[in-house]
Amino acid sequence: MNVNRPSPDALLQQIKQQAYTVNRGKLKIFFGASAGVGKTYDMLTSAHQAQAQGLNVLVGIVETHGRSETAALLQGLSVLPLREIEYRGQILYEFDIDAALAHHPDILLVDELAHSNIAGSRHPKRWHDVEELLKAGINVYTTLNVQHLESLNDVVNQITGVAVQETLPDWFFDQANEVILVDLPADELLARLHEGKVYIPSQAKHAINNFFRKGNLIALRELALRRTADLVDADMQDYRNQARIAPIWNTADQLLVGISTGAHSERLIRHAARLASSLHSQWYVVHVDTPRGLNRSANNKQKVLEALRLADDLGAKTEVISAITVAEGLTSYAHQFNIGRIIIGQNQSKPYHLGQSLVKRISQQDVNLDLILVNQTKQLCKTTNERQTLSWNMAELSSVDNRNGYLMAVLGCGLVTVTLIALTRWFDLANVVMLYLLVIVFISVRFGRAPGILAAFLSVLSFDLFFVEPKLSFNVSDVQYLVTFAVMLIVSLIINNLAVGLRFQAQAARKREQQAISMSYLAQSLSAARKNNDIISQAAAWLTQHLASTAIIVMPDADNKLVVMTDCTIPAAFNWVVTRWVFDHNESAGLGTHTLTANTMHYRALATSTQVLGVLALMPTDSESFNQPEQQRALDVAIAQITLALERVYYAKIAQNALIKVESERLRGTLLSALSHDIRTPITVLSGLASSLATQTLTMSEQKQLAVDIEQQANVIQRLVINILDYVSLQSGGMQLNKQWVSLEEIVGSNIRQLEHYLKERQIEIDIPHHIDFIYTDELILSRVLNNLFTNAINYTPDDACICIKAMLDDNQQCRITVTDTGDGLPVGLEAQIFERFTRGNLESSTTGLGLGLALSRDLVEHLGGTLSAANIQPHGAQFIITLPWQPLPEQDLLSDDLTASSPTIDSANLAR
């Protein structure tokens, strides 16, 4: 075996990693056990060193916490201004990611990687900001404490009694290009606390009595050291893989246990567990499937499964691997995971045992491996099944595939024999032997070991009976033919063994490929799903196709009551009590577990590191194959993919709700601010007018003028309220369309008459051709839009301005209605923004209004199926363009009395047509 040769999967993973990092920035984390060890200080020191080398260094955000020696290091470095964010009436400061991306420095300093951003920021967590910066090609220096790692959250809580809320996923920490451990002994850190170098004295005393107890600091320091060591070990593994270094570097006391189907496997596992516990090391338990193990009995398979379960319960990583020999499989696995010690059982030597021992074969594979032999005691009490001395399983030998193989072996040998008898005069005996060997190779590759062995014996017997003198007799005239028969039989069996090994490798490779394709399909389908229902349907379809006859996914509703999410028939074996127990305890139950084993279904929790999202219940198609390690590994991977997809949707909903909440708060504040200004003004005027009317002696004309003024201010408030109500109705979906044929000229005229008092000296021009006067639309909605546009034109034009209303058909046969004025026009660059909610054209204008009229008009036009846009005209003025669907008036409607009636004349001194 060539251990230097990398596997295709390893090469593919290496290529993907290189493509992932080609344009990506580098992440450098200054990692410590707790606050005060000097992470920020070391980060700033490294920043000065990088700047001295000519690199562009920018401080994005650094928290000095009042430490003077840390703040002093900021001098000489460019500091990015923080972004102001209004939150609950207060101005807070946060890291400005947009400004950082615009500067694009060589190195950016972003302190406190696990920090939670203020609501309303682009990302909920600061590490999300760092991820975006890395994707933009910016190198980032940052800091992190060990208690913020997600996988250690519960451990830190158990040690310190403090539940850390701000956490960082371990995968992001593991992808760091460099991790600098900033270490400080507990006594020195406590001394810094007493000196006030970490917190101010009042805070330091509280910290020493709580989180910063000496025992806590020692435990956190050990966690930081171990986590850093794990990362260094992973870096070493990556280097070994990239450099294709075959020899094992025994830098960690990892153990590998090889088990078989014997009864001693459990003793071997317990011994390894004690040894791994004393060494505080990672240990692995593997079973090697070989071609010789294809005919294992179901009892032996169950023994292997039980042994692997025991190892898993004791904390080992378990796996079933495939190889030609046990020695080759164990050696290859040890090289893959850089394991220097292998534990195997020591069999008592037998006088009739042929071949090399497993110890010698492993040593031949790699002499640098340390082998630990555990003596296997004899079992005094053996069951009837354990007294079997034959390695053949009779049920397997008589299987359908083997019976077909036996038949093909007989037919193949018979066909070759009959053919060669007719061609004996042209074929030498050596060629006859070659053809028999060809049959043996075909039978062995196609049907396996037992049919191949039968073909070998049939070939030797047929060769002796039909081609060696005397023919049709097993007697041999020449003793040399006995050697020929022996060599032919030996060669046949060797060929059979090699062919079976080739067949085994091909089957194992095909099986791995099918599993990889299946998992890839599941990952792709889940990643494309955007809703829980889509994820659950895809997951259930995959599970029922590959692992079970029925797959049920149960999730809690808003009241935390478990409900079935899958669309399938619930089997009678499904138990709600077991499901609730699995959900509450985050443990597996049912078939194949040690909990509630009477249930025939298998229950697994769909759990993240922080919560349980649901429960998966499976009814296996075949209970025996379901318990096989390879099936359990496939199920573990599938559950991880499903949980990850559900977690993605869960956090997407949280982010969306948070965004909606922030937006709602912003709208609420803006609306209240606008109402307080725009309603207070007309109410104040109304109050003053009413007071004048009540307290002063006025002439009849003065009283009439006051009444007109009161009516105008009331109309202002009415328009504000109507706009708000219309906007709420439109956003809630409660506004229904009532389309009918209406006269555009009548709608325009009606609105002008309503606003006649406000027109003053303004000139109105109307140009509506007769052939497009009638339009099929909702009259009330279109009238509301035109009223808002007319009011807007009046508010932002002088008293002698001109307002022009024109209708025409554009090139797409759509009705184009324009409202043009000769005022000052729209603010340059805000032609599109003017339609946003609470946006006003002139912020300093004395004109009242919420800035909601144009936004409401745009939404109303879109509700009618059209568009509303705005533009400035030359030499000055603004033009609003309404585009609506248009169709000719049907002929039968032309004779209608309502439509043929003449439009009323607009009687106004200010109206010119």
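Leu-407, Met-408, Leu-411 and Phe-442 form a nonpolar patch on the surface of this predicted model, and together they have about 380 Å² of accessible area. Such a patch joins nonpolar side chains (Val, Leu, Ile, Met, Phe, Trp, Tyr) within 5 Å, taken from residues with over 30% relative accessible area and no salt bridge; areas come from the Shrake-Rupley method with a 1.4 Å probe, and only the protein chains shown count as cover for residues. Helix α16 (residues 400-422) contributes the most to the patch, with three residues, and Leu-407 lies in this helix. Helices are DSSP runs (H or I, at least four residues), numbered from the N terminus.

The whole structure holds 15 salt bridges, each defined as a side-chain nitrogen of Lys or Arg within 4 Å of a carboxyl oxygen of Asp or Glu. In one of them, the closest N and O atoms of Arg-227 and Asp-174 are 2.6 Å apart. This pair links distant parts of the chain, with Arg-227 in helix α10 (residues 214-243) and Asp-174 in helix α7 (residues 170-174), 53 residues apart. Arg-227 is buried at 11% relative accessible area, whereas Asp-174 is partly exposed at 36%; buried means under 20%, exposed over 50%, and partly exposed in between.

Glu-266 pairs with Arg-270 at 3.7 Å between the closest N and O atoms. Because they are four residues apart in helix α11 (residues 265-279), about one helical turn separates them. A network of salt bridges links Arg-24, Glu-131 and Lys-135.

Residues are numbered from 1 along each chain as its sequence is written. Local features need pLDDT of at least 70 and side-chain atom pairs 80 or more, while totals for chains, interfaces and linings use all residues, and side-chain values use heavy atoms, without hydrogens and water.

Key. Patches are made of residues with over 30% relative accessible area and no salt bridge: like charges are joined within 9 Å, nonpolar side chains (Val, Leu, Ile, Met, Phe, Trp, Tyr) within 5 Å. Helices (H or I, at least four residues) and strands (E, at least two) are DSSP runs, numbered from the N terminus. Buried means under 20% relative accessible area, exposed over 50%, partly exposed in between (1.4 Å probe, protein chains only).
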